[in-house]
Amino acid sequence: MLTIAPNAVAKPVNAAGSFYAMALDTAVLMFRRPFAWREFLLQAWFVARVSILPTMMLSIPFTVLVVFTFNILLAEFGAADFSGSGAAFGAVTQIGPMVTVLVVAGAGATAMCADLGARTIREELDALRVMGVDPLQVLVVPRVLAATVVALMLSPLVVLVGLTGAFGFAVFAQNVTPGAFVAGLTLLVGLPDVIVSLVKAALFGLAAGLIACYKGISVGGGPAGVGTAVNETVVFSFMALFLINIVATAVGIKATL
């Protein structure tokens, strides 16, 4: 008979509860003074600095791949001039927010986790609590907001860079008419789709920031535990990304129909 150890069930349940509690405390502390503006600006600049170039470089092949496969199908029907519609739909609804948070989670969130993990094992967070300073308010809230804001700002940039690359590939490599490509950009994509895309990017950044901060402040086991927490941050962020994407896409489709 198969038996399950109590600790095997209790540990993930306790972790989920702790994460939920931290997320609620963070949401409350976002609107409580004083706000750590300096820490927020430093973290936002850091995340943007390490993420902006990789996101732009990654968005071009993603969008070009969508355009390439979509144009093959359209060419079979003699409608290759509508490739702009597919490029815009793919870039705005999926590629923009997805590519953004993949880089933000892989570069910015892991650095946040490592920083907070190092502070935790050095007992700096305990020292802050002894001095009457809430680590969530001065360290976690600025980092979560920085990841959210940077993801929200990078998503439109990724879409523009991706569409520019798709335009060049479709026009010069697949002989699509430039005017037809540009005219087709707004056939399937409108303002509601752009709003849904921005909301998804913000949710993705928020989730990545929360996961990184939670793994950082709950790390244990010394320096080896910090490395484990960084790896878990990437895995859990990507898992949360795809789950949020499914729900947000379904809600967005229902809202924009």
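Some ground rules. Residues are numbered from 1 along each chain as its sequence is written, and side-chain values use heavy atoms, with hydrogens and water left out. Since we have a predicted model, local features need pLDDT of at least 70 and side-chain atom pairs count only at pLDDT 80 or more, while totals for chains, interfaces and linings use all residues.

Confidence comes next. pLDDT is the predictor's confidence in each residue, from 0 to 100. Over the chain, the mean pLDDT is 84. Of the residues, 96% reach 70 or more. Helices here are DSSP runs (H or I, at least four residues), numbered from the N terminus. Helix α1, residues 6-29, has the lowest confidence, with a mean of 79. Helix α7, residues 191-217, has the highest, at 89.

Now, empty space. Rolling a probe the size of a water molecule over the atoms shows where empty space is left. We work on a 1 Å grid over the protein atoms alone. A cavity is a set of points where a 1.4 Å probe fits but cannot get out. A pocket is an open set with protein on both sides within 12 Å along at least five of seven lines. Lining residues have an atom within 4 Å of a point. Grid points are joined across faces, edges and corners, and a volume is the space filled by probe spheres set on the points.

Start with the largest pocket. How much space lies in it? About 520 Å³. Its lining has 18 residues, and nearest the centre are Ala15, Tyr214, Lys215, Glu232 and Phe236. Helices α1, α7 and α8 (222-256) each supply at least two lining residues. The largest share is from α8, with seven. By class, eleven are nonpolar, four polar and three charged. For those classes, Ala, Val, Leu, Ile, Met, Phe, Trp, Tyr, Cys and Pro count as nonpolar, Asp, Glu, Lys and Arg as charged, and the others, Gly among them, as polar.

The second largest pocket holds about 200 Å³ of space. It is lined by 14 residues, and Phe89, Thr93, Asp193, Gly252 and Ile253 are the closest to its centre. Two or more lining residues come from each of α3 (83-121), α7 and α8. Again α8 gives the largest share, here five residues. Six lining residues are nonpolar, six polar and two charged.

The largest cavity has about 40 Å³ of space. Its lining includes Val101, Phe204, Ser237 and Ile244. Helix α8 gives the most, five residues. Nine lining residues are nonpolar, one is polar and none is charged.

Last, two residues. Buried means under 20% relative accessible area, exposed over 50%, and partly exposed in between (1.4 Å probe, protein chains only). Is Thr120 buried or exposed? Thr120 is buried, because its relative accessible area is 17%. Thr120 sits in helix α3. Its contacts (heavy atoms within 4.5 Å), leaving aside neighbours within four places in sequence, are Leu125, Gly216, Ile217 and Val219. The Thr120 side chain reaches the backbone oxygen of Gly216 at 3.0 Å.

Pro61 is in helix α2, residues 37-76. Pro61 is partly exposed, because its relative accessible area is 44%. Between the C-alpha atoms of Pro61 and Pro34 there are 43 Å, and the two are 27 residues apart along the chain.

Terms used: Polar contact = N/O pair within 3.5 Å; in protein donor to acceptor, adjacent residues only side chain to side chain.
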